[in-house]
Amino acid sequence: MIAPGALAQQAPPPSLEAEIRAFCGNIADAARDQRYLLQKKELEELQADVDERMRQLEEGSAKYREWLKKREDFMQVADTQLVEIYKNMAPDSAAAQLEIVKPGIAAAIVMKLSPRLASSILNEMDTKKAAALTTIIAAAAAPEQPKDPS
């Protein structure tokens, strides 16, 4: 038999709230570590996203520099002496010559001529070739870089 005083010395059964506190206290460090790991993973993903965007910006910048160089080269093709030669030609003769020259060079020359002479020469050219030159000239004179600089 159990003595009546022995029952009085036993600890009362823990309450549900005390058990919950004890459990939470025991797993607090593990939960904190998990949160840190999740935050670290999120930061690494964000860093990877920033790195990818930087790479894309650098690619875009390189493409723009390449396009700008092409445009500068394009403008230098028609140097002053060559333009002077075409200025002194009759529009029909100049048109015939420009039709057989590479379109980029022909467009550069036409761009350096006065608008009146350029329109006379384009008027004498085959319509498809004149349209192609006009497209090149319009693209070269565009204030914004096109998506496809070629």
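Buried, as I use it, means under 20% relative accessible area, exposed means over 50%, and partly exposed is in between, with a 1.4 Å probe and protein chains only. Helices are DSSP runs of H or I with at least four residues, numbered from the N terminus.

A word on provenance. This is a predicted model, so local features need pLDDT of at least 70, side-chain atom pairs count only at pLDDT 80 or more, and totals for chains, interfaces and linings use all residues. Residues are numbered from 1 along each chain as its sequence is written, and side-chain values use heavy atoms, with hydrogens and water left out.

Start with helix H7, residues 127-141. H7 has 15 residues. From first C-alpha to last, H7 reaches 21 Å, close to the 21 Å expected at 1.5 Å a residue. That expected span is 1.5 Å times one less than the number of residues.

Which residues of H7 are buried? Ala130, Leu133, Ile137 and Ala140. They cover an arc of only 90° around the axis, so they sit on the same side of H7. The arc is taken over the directions from the helix axis to the C-beta atoms. Turned away from that buried side is a face with Thr127, Lys128 and Thr135, which are exposed. And what do the buried residues of H7 pack against? H2, H5 and H6. Contact here means heavy atoms within 4.5 Å.

Now H6, residues 115-124. Here Leu117, Ala118 and Ile121 are buried. Their arc is only 100° around the axis, which puts them on the same side of H6. On the other side of H6 you find Pro115, Arg116 and Asn123, exposed. The cover over the buried residues of H6 includes helix H3 (80-87), helix H4 (91-100) and helix H5 (103-112).

Next, charges. Side chains of opposite charge can pair when their charged atoms come close. My rule for a salt bridge is a side-chain nitrogen of Lys or Arg within 4 Å of a carboxyl oxygen of Asp or Glu. How many salt bridges does the rule give? The count comes to 7.

Three of them in turn.

One joins Asp49 and Arg53, at 3.3 Å, N to O. Both residues lie in helix H2, 4 residues apart, about one turn of the helix. Asp49 counts as partly exposed because its relative accessibility is 35%. Arg53 has 52%, so Arg53 is exposed.

Another joins Arg55 and Glu59, at 2.2 Å, N to O. Being 4 residues apart in H2, these two are separated by about one helical turn. Arg55 is partly exposed, at 37%. So is Glu59, at 40%. The pair also belongs to a network: Glu52, Arg55 and Glu59 are linked by salt bridges.

The next is in helix H3. Glu84 and Lys87 meet at 3.4 Å, N to O. They are 3 residues apart, so about one helical turn separates them. Glu84 is partly exposed at 35%, and Lys87 is partly exposed at 38%.

Last, a surface patch. Val50, Met54 and Leu57 make a nonpolar patch of about 300 Å². Patches take residues with over 30% relative accessible area and no salt bridge, joining like charges within 9 Å and nonpolar side chains (Val, Leu, Ile, Met, Phe, Trp, Tyr) within 5 Å. Areas are Shrake-Rupley with a 1.4 Å probe, and for residues only the protein chains shown count as cover. Val50 lies in helix H2, residues 16-77. At 44% relative accessibility, Val50 is partly exposed.
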